[in-house]
Amino acid sequence: MEFTKMHGLGNDFIVIYGERALPKNAAELAAKWCDRFFGIGADGVVYILPSGQADYLMRIINSDGSEAEQCGNAIRCVAKYVYDHGFMQREEISIETLGTGLRKVLIQSEDGKVATVTVDMGEPVLEGLQIPTTINSPIVLNVPIEADGAFFQFSAVSMGNPHCVIYVDDAVKFDLNTWGPKFEAHPLFPKKVNVEFATVLDRHTVDMRVWERGAGPTLACGSGACATLVSSVLNGRMDREAEVRLKGGSLFIQWSEQDNRVYMTGPAAFVYTGNVAV
């Protein structure tokens, strides 16, 4: 099978184009291909498939074989793939995801190639049970959470997939590998959760590091950047437009007051193409 290795700020994917549907053994293939020592190496496998309601359907299989409902970095990679290959001539396209349905994507091009992509990530879901958490509340802000005898506070947001935002003194130096898995599988999150550790620097800038559900530590997370901004606005820490600084680079996020939708802007890049045994 032919594949293309791509990334959005270091959040890397094995992109498959041309299949009519998700392979029956997609979970097994993802676990094998994403292994960074015995496979290609990636955070997940992205399939660009036909859609009945959008230009394309995106399916994402994490490195552990689980399926993600949504992924902002992957959407930007899909947009660059189809535009740069000449499959789409328009600079406004639509991509269907399992978690959020149809997503509108606006391409900013230079010399006929995608430079940056703006994705309509939809309206944030704030109701506790819908995120989902086990907390029956219209909003989940600054809720105590305990792991291994240590206490933190979290705010929860869904951007089509669940996020837990925890504010720390220094997100850049925070021990992600110790605490990320403890919160991902915490009983408060019945479908597990993506965990963002954030440090607000000013009203328009925040450092964030992420432990992704089903993938572990990644260099960037688009939906996590959106959830971090939404949480920070609700907590009175930030304004509605901000730079979210991730390990792999920055994303620019806007939570619109006009339509309540969150917009994410950032780059995507090709790495190489190849063939892999199925």
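First, the ground rules. Because the model is predicted, local features need pLDDT of at least 70 and side-chain atom pairs count only at pLDDT 80 or more, while totals for chains, interfaces and linings use all residues. Residues are numbered from 1 along each chain as its sequence is written, and side-chain values use heavy atoms, with hydrogens and water left out.

Let's start inside. A nonpolar core here is a set of buried Ala, Val, Leu, Ile, Met, Phe, Trp, Tyr and Cys residues joined through side-chain atoms within 4.5 Å. Buried means under 20% relative accessible area, exposed means over 50%, and partly exposed is in between, with a 1.4 Å probe and protein chains only. The largest nonpolar core has 54 residues. V46, M58, I93, V105, I253 and V262 have the most contacts inside it. Which helix gives the most to this core? Helix α2, residues 72-84, with 8 residues. Helices are DSSP runs of H or I, at least four residues, and strands are runs of E, at least two, numbered from the N terminus. There is also a second, separate core of 22 residues. Among its members are F152, F154, F189 and V193.

Contact means heavy atoms within 4.5 Å. Now S231, in helix α4, residues 222-234. S231 counts as buried, because its relative accessibility is 0%. Beyond neighbours within four places in sequence, S231 is in contact with S155, V157, V165 and Y167.

Another serine: S94, in strand β6. Buried or exposed? S94 is buried, with a relative accessible area of 14%. Again leaving aside neighbours within four places in sequence, S94 contacts A54, D55, Y56, L102 and R103. S94 and V119 are 25 residues apart in sequence, and their C-alpha atoms are 9.5 Å apart in space.

Next, charges. A salt bridge is a side-chain nitrogen of Lys or Arg within 4 Å of a carboxyl oxygen of Asp or Glu. How many are there in the whole structure? The search finds 11 salt bridges.

Look at D12. K5 forms a salt bridge with D12, with the closest N and O atoms 3.3 Å apart. Both K5 and D12 are buried. R36 also forms a salt bridge with D12, at 2.8 Å between the closest N and O atoms. R36 sits in the loop between α1 (26-33) and β3 (44-49), and D12 in strand β2 (residues 11-17), so the pair ties together parts 24 residues apart in sequence. R36 is partly exposed, at 48% relative accessible area. D12 has 8%.

Then R90 and D55. Their side chains meet in a salt bridge, 2.7 Å from N to O. R90 is in the loop between α2 and β6 (92-97), D55 in the loop between β3 and β4 (56-62), 35 residues apart. Both are partly exposed: R90 at 43%, D55 at 25%. Elsewhere, shared partners join K5, D12, R36 and D43 into one network of salt bridges.

Last, cysteines. A disulfide is counted when two cysteine sulfur atoms lie within 2.5 Å. The count comes to 0 disulfides. For C71, the nearest cysteine sulfur is that of C221, 6.4 Å away. C71 is buried, at 7% relative accessible area.
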